[in-house]
Amino acid sequence: MQTFTGFNALLAAAASTGRTLDESELERLRSFGERSAADGITLRALVVDHLALTRTAWPAKTPSAEQVLRTVQRAVEALCEGHERAQQLAVRHQEAARREFIDDLLYGRSELGPLVERAEQFGLRLSLAHAVAVAEGPAPYAEGDAVPRAVEKAVTLRFGERSILLTTKDGRLVCIAPGDQRDVLAYFAKHAHDRTDGGRVAIGRPHPGAGGVVHSYNEALQALHLADRLGLEDPVLHAGDLLVYPVLTRDRQAMADLVRTTLGPLLKTRNGPQPHLETLTAYFDSGCVTTQAARHLAISVRALTYRLKRIHELTGSDPTDPRHRYALQTAVIGARILNWPEQKR
């Protein structure tokens, strides 16, 4: 039994004088509760031990039990407050350490050795390959919000907590899982899409090591960015399916030159280049099928054919000619990624 030193004296004083505990005595009891928590004593044991001591040390010949019971109540409350204060401090410390680890992991800011050791505390073995899924919704999310908690509960109930790390970063939901457990990320994507009211999820490719987590995370972020720029409507994006776009824009200056050279003449039209860009996008997305493209744009095939002819006259490139098509389509993709002409480079 581990009890507060002087507890008997507090009871005796309450019985003989009727006085209550002052603030200094309450704070000593709180501090004892904190130390008990640090020593691994449960709150239940702490309360039971002091109630047992109260029973054995009850002051004799007490005219009224009211003051003694009131003292016991306040003492037990103070012990519990101290115990809870220690637990809250431990939780805050753990949360801070977890957040610091996640920041270091996703930004690649820590040395490899210490990072690997810290990762093991959170169930990750960075010697293996990992993949990262990132979900975004209509609103930013923070750790502890209802949506992240619901998604984390669903994933951990299905797969457990080991080897999986769920968190939030910059308002998005993030799931890190072993690269050979793609079903985890698929399950995360499904629940994140549902819980974020139809939000979009991007999944990076598996990569080994701590740097691989950063690489996969950045791939997922880039996939979300590309989806926004290109107007992709898929609820779940796989970075491996979008590799052609980073390749096309790896040399951004060269891509910007291609866009300006190929599409620059469209700037001179009365309504600007946007209607022509939308026409080319619909035409190429339809596999160059005029009827399907016209249906998508809600215009007649004749009107679409006229627009394509006009683009040929302005740019010198014929969208219907296979010899011109690749350069023109690449320029259209580049314009969407670079947000041209709003952001001219």
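Here is a short walk through a predicted model, with stops at one helix, a histidine and the cysteines. Residues are numbered from 1 along each chain as its sequence is written. Local features need pLDDT of at least 70 and side-chain atom pairs count only at pLDDT 80 or more, while totals for chains, interfaces and linings use all residues; side-chain values use heavy atoms, with hydrogens and water left out.

Let's start with helix α14, residues 322-338. Helices here are DSSP runs of H or I with at least four residues, numbered from the N terminus. Several α14 residues are buried, among them Leu 328, Val 332, Ile 333 and Leu 338. Buried means under 20% relative accessible area (1.4 Å probe, protein chains only). The cover over these buried residues includes α8, α9, α10 and α11. Just past α14 sits Asn 339, with a positive phi of about 60°.

His 276 counts as buried because its relative accessibility is 12%. Leaving out neighbours within four places in sequence, His 276 is in contact (heavy atoms within 4.5 Å) with Leu 266, Thr 269, Arg 310, Ile 311 and Leu 314.

Last, the cysteines. Cys 175 is buried at 0% relative accessibility, and Cys 80 is buried too, at 16%. How many disulfides are there? With a disulfide taken as a pair of cysteine sulfur atoms within 2.5 Å, the count is zero.

Definitions and conventions:
Buried means under 20% relative accessible area, exposed over 50%, partly exposed in between (1.4 Å probe, protein chains only). Helices (H or I, at least four residues) and strands (E, at least two) are DSSP runs, numbered from the N terminus. The expected span of a helix is 1.5 Å times one less than its number of residues.
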